[in-house]
Amino acid sequence: MEYEIKPTGKFSLNLRELWEYRELIFFFTWRDIKIKYKQTVLGAAWAILQPFLLMVVFTLFFSTALHVESGDIPYPVFVYSGLMLWTIFSTGLANAGNSMVNNSNIIKKIYFPRLIIPISSILSTLVDFCMTLVVYAGILFYYHYQRTIPMLLLAIPASVFICVITTFGLGSFFAALNIKYRDFRYIIPFMIQIMMFLTPVIYPVSVIKIPWVLQILQLNPMAGAIDLTRSVLTGTPVQWFLFYQSTLVAILLFIIGIYYFRKTEYYFADLA
């Protein structure tokens with residue numbers, strides 16, 4: 001009797017199979033974390049230092065020197081709220097986009113749900129995010145914004161959800177493309193750099209006055225995620241249109257990424 005192992009439908013996450021391999025997801029996630037900080041002096045402290053040092057640099061140059069507006073909140077609080085969410089996207093996309101190529105030896109040897117690889121790459125970034133939240137809480141206390149923490153506990157999960165499904169959709173899409181076209185290992189970092197300037201990380205959405213630029217910004221799901229968290233800090237009403245549009249775009253990117261990944265995973269072992 002012969003058995004054929006093949007992927008499920010192109011739109012299916014096959015959650016039952018992923019649940020059966022949950023220990024493998026944990027193993028890959030823990031492996032990615034250990035590899036990331038292996039033979040480093042500061043270890044996991046880099047997860048905290050990177051956004052913190054960027055916050056310091058952006059505060060010195062954009063707030064002090066260039067006088068970039070941050071509304072009624074101190075610029076360090078403003079920019080760190082964007083950086084901690086942006087780090088999920090930028091690091092997760094870079095890791096997931098290269099994950100299939102980096103794990104090509106494993107793909108050729110055994111069968112397991114291939115989606116586990118980009119999933120674990122993104123989950124490892126969430127571990128870093130949890131550590132950045134500790135620093136964020138300290139910054140809020142330092143600037144006497146601790147009263148906003150209860151509301152942030154409601155807003156941040158929604159923002160993280162948008163970040164994760166956006167990252168997973170694009171990450172799965174580029175992971176599949178990267179196996180066949182290795183040029184994408186160079187395209188992904190370049191694209192991340194461009195997208196940072198199209199995301200309100202170091203500036204508020206309100207400074208955009210040009211209509212067509214604002215329309216492009218509204219198509220960026222990260223813009224809605226960051227604006228939702230910042231609205232709690234500023235006390236201004238949430239731009240629900242931007243939030244809903246960002247959520248819909250994130251879901252669309254998620255569907256496209258899963259569809260293309262499922263469509264092409266038949267050939268991963270041959271092309272890896």
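Analyst: What follows starts with the chain as a whole, goes to Thr-229 in helix α10, and then turns to some other sites.

The model is predicted, and its confidence should be read before its details. The mean pLDDT over the chain is 83, and 90% of the residues reach at least 70. Confidence is highest in helix α7, residues 149-180, with a mean of 91. The lowest mean, 60, belongs to helix α12, residues 268-271. The chain has 12 helices and zero strands. Of its 272 residues, 48% are buried. Among contacts with a separation of 6 or more, 79% join residues 24 or more positions apart. The accessible surface amounts to about 14600 Å², and carbon and sulfur atoms supply 68% of that.

Thr-229 lies in helix α10, which covers residues 221-234. Is this residue buried or exposed? Its relative accessibility is 0%, and because the cut-off for buried is under 20%, Thr-229 counts as buried. Which residues does Thr-229 touch, leaving aside its neighbours within four places in sequence? They are Leu-85, Tyr-136, Leu-152, Ala-155, Ile-156 and Ser-159. One of these, Ser-159, also makes a polar contact with Thr-229, side chain to side chain, at 2.9 Å.

The loop between α6 (116-142) and α7 holds His-144. The phi of His-144 is near 60°, a positive value in a residue other than glycine. Most residues other than glycine have a negative phi. In contrast to the buried Thr-229, His-144 is exposed, with a relative accessible area of 58%.

Helix α3, residues 46-65, shows another setting. Ile-48 is in this helix and is partly exposed, at a relative accessible area of 27%. Leaving aside neighbours within four places in sequence, Ile-48 is in contact with Met-131 and Val-135. Ile-48 and Thr-132 are 84 residues apart in sequence, yet their C-alpha atoms are 5.3 Å apart in space. Val-56 is in helix α3 too and is partly exposed, at 33% relative accessibility. A nonpolar surface patch of about 610 Å² includes Val-56, and the other residues that make it are Trp-46, Phe-52, Leu-53, Val-57, Leu-60 and Phe-61.

Charged pairs complete the picture. Side chains of opposite charge can pair when their charged atoms come close. How many salt bridges are counted? The count is two. In one, the side chains of Arg-31 and Asp-32 meet at 3.1 Å, N to O. Asp-32 has a relative accessible area of 19%, and because buried means under 20%, Asp-32 is classed as buried. In the other, Arg-262 pairs with Glu-265 at 2.9 Å, N to O. Arg-262 is buried, at 5%, and Glu-265 is also buried, at 9%.

To return to the position in question, Thr-229 is a buried residue of helix α10, with a side-chain polar contact to Ser-159.

Terms used: Residues numbered from 1 in each chain as written. Predicted model: local features only at pLDDT ≥ 70, side-chain atom pairs only at ≥ 80, totals over all residues. Heavy atoms only, no water. pLDDT = per-residue confidence, 0-100. Helix = DSSP H or I, 4+ residues; strand = E, 2+ residues; numbered from the N terminus. Patch = residues over 30% accessible without salt bridge, like charges linked within 9 Å, V, L, I, M, F, W, Y side chains within 5 Å. Areas by Shrake-Rupley, 256 points an atom, 1.4 Å probe, with all protein chains shown as cover. Salt bridge = Lys/Arg side-chain N within 4 Å of Asp/Glu carboxyl O. Buried < 20%, exposed > 50% of the residue type's maximum accessible area, 1.4 Å probe, protein only. Contact = heavy atoms within 4.5 Å. Polar contact = N/O pair within 3.5 Å; in protein donor to acceptor, adjacent residues only side chain to side chain.
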